[in-house]
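Reader: I'm new to this one. Could you walk me through how to read it?
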Amino acid sequence: MEQNYFLLGALVTPLIGAILALVFASSNRLQRSIAVLAGLIAWVFCIALLTQVHDSGVQTYALGNWKPPYGIVLVADALGGLFAFMVTTIMIGGLLYTFHCRDKCMTYPAFVPLFLLMEVGLIGAMLTGDLFTLFVFMELMVLASVSLTAISDDQYGLEAALKYILISSMGTLFLLLGIGALYATFGTLNMAEIARSLLTGVRPFLAPAAAIMLLCAFLLKSAVFPFHFWQPDFHTTAPTPVSAMLSSIVVKVGVYGIIRLVTLLFIEEAPFLERWLSTLGIIGILFGSLGALRTYNAKRMLAYSTFAQIGFILVGIGWGTPLAMIGAIIYAFNHAFIKSSLLLLMGVVASFTTTKSANFADISGLGGKLPPVLGWLVLIGGLSLAGIPPLNGFISKLTLIQGGVDRADWANLIIMVAAGILTVMYMVRAWQRIFQQNPLPATVDTKDQGDSLFAPLLLIVVCLLLGTVLAEPMIQLISETVRQLGDAQIYISAVNLPPPA
Amino acid sequence: MIELLFALSIGMLFGIGVFQLLRRDLVKAAIGFAILFSAINLFFVAVGAFEGEFAPYVSNVEAGRQTSDPLIQALILTAIVVSFGSFSLVLGFVNIISRRYDTVDSNDINKLKH
């Protein structure tokens, strides 16, 4: 097995960045520069990884040279590489936003290190090949994001953070219990080794129970229907760049875990799990879209919309065909970019009010004071989220719906298309309220200066570039990913284990 | 006999932990969280050690006998670190909330409900 040091680099760079940022806590500017630099280096590592995975198959790195299945192994397969690339790209947008953000919490010395630790947790969760390490990284990500929300300028941030940490810890406990159950039955934590044992058709007593516990933990991280109630509060009260990361890439960790569960670990149980995913996804689509329609706050609307969009992805995974899986992954990819840029844009809008609130009552009719390009960006992002033809949201929705037509699941398809129309409604209405209306008499005082537009602009340009101009190679890349996911043996043999007897 | 006792105590700790976590009092909820974590750590101990096995690394193993699994202990140590981090964070939050809201009753901490 060859050691690929890029894997280690992608994981360790943000960690070193976080430590350095702590060392230079006296200067905010220096901290932020270090953070952006670390983010950029991690991004370069992830791109290098993605090309290597594409050219020469799955890359691995055994920590401390302990050979699997005994040691901890980092694995970048096509799915992990792709998700890590997505995470690092969007993270750069979030880090750049901190430069010109006027929130008070950004000046705290702990902000940048916590932000980078969140990135470590995200990258680690996506690149690890070991279940227990996955738990540790997910917990790191949760603790970092909870602390970031608790120090938010929004006075209710602390309440939302406490609510989330209690719920999330419960989920983490069940994840740990599931991992313990798997360890009790297979005596290993290496995902490839567990998958290899499960492929032989052995079904010990605890394995299906572990599948359910892991699924519930991942559903909780993604805020899917029965576990969603914390999500709108938590995502709304977080500081702008944090809420953009939470609503775009942090929820994708759960999606990533679910894809791993149904394609690598529990392939035999997959039809059963997928039936549940479809049902829960459809409920999420319905309630998320309706909730977004009648909410009072622009950020909260986007949080509800995330709830609905995760539903789309889950329904795609639930259909279980390769075509639907391609749709789901493209959807996850595009959604992360659009949602993060939209949330950053709403943060820019909110930063022009003195209270920094994104309540429609406060920001309605604010359009005259804002840079004109902001309105166009919000409109483009909103239409892209809804899936209007020339934009990237259309391509992801189209591939997903093709997967559904392939499965002839008409009832769900009708709900999904209807939810697409609801998305147009709430996004366009929000845009009209902010940019087209005359200011309300009760509108709060505005400022002449707000946050910089640079980071969301950059993200939206990258998003449109990847999603429309480069859509063809992207779809090819993701088809290749799904082809690799279809054969669990590729992952298993890459970790240097012999195929099951 | 000892296995039965062990299983029963894990189950009871789990029950107590879940019950405490669902209490209205946030301090009790935080302590319930710590109890739950110890229940799971004990579950891990149960996974790794079996009757007739030797402690790893410290004892001389007789021929034909096995040592218990040392990895489990590393896992539990990590899990304890993680749980300690989360637990102290929760307690810190409860502390600030109790000063900001003048209560630790979760029914009265409802400003997010508009």
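Reader: Let's start where the chains meet: how many residues does the contact take from chain A and from chain B?

Author: Two residues are in contact if their C-beta atoms, placed from the backbone, lie within 7 Å. Here, chain A puts in 25 residues and chain B 24. This is a predicted model, where local features need pLDDT of at least 70 and side-chain atom pairs count only at pLDDT 80 or more, while totals for chains, interfaces and linings use all residues. As for labels, residues are numbered from 1 along each chain as its sequence is written, with chains lettered from A and ligands numbered from 1 in the order in which they are written.

Reader: Which element gives the largest share of the side of chain A that touches chain B?

Author: Helices (H or I, at least four residues) and strands (E, at least two) are DSSP runs, numbered from the N terminus. On that side of chain A, H6(A) gives the largest share, 15 residues. The elements giving two or more residues there are helix H5 (131–150) and helix H6 (157–186) of chain A.

Reader: And what is the secondary structure of chain B?

Author: Chain B has three helices and zero strands, in the pattern α-α-α along the sequence. Its C-alpha atoms fill a box of roughly 70 × 25 × 20 Å along the principal axes.

Reader: How much of chain B is buried?

Author: A residue is buried if 20 or more other C-beta atoms lie within 10 Å of its own, exposed if 12 or fewer, and partly exposed in between. In chain B, buried residues make up 25% of the 114.

Reader: What about H13(A): how many of its residues are buried?

Author: 27 of its 29 residues are buried, so H13(A) is largely enclosed by the rest of the structure. For a helix, the expected span is 1.5 Å times one less than its number of residues. H13(A) should span 42 Å, and its end C-alpha atoms are 41 Å apart, which agrees.

Reader: Which residues have the most contacts inside the largest nonpolar core?

Author: Such a core is a set of buried Ala, Val, Leu, Ile, Met, Phe, Trp, Tyr and Cys residues joined through C-beta atoms within 7 Å. The largest has 226 residues, and Ala10(A), Ala84(A), Met141(A) and Val349(A) have the most contacts inside it. Helix H13 (residues 322–350) of chain A gives the most to this core, 20 residues.

Reader: Is Phe115(A) buried or exposed?

Author: Phe115(A) has 29 C-beta neighbours inside 10 Å, so it counts as buried. Phe115(A) sits in helix H4 (residues 111–127) of chain A.
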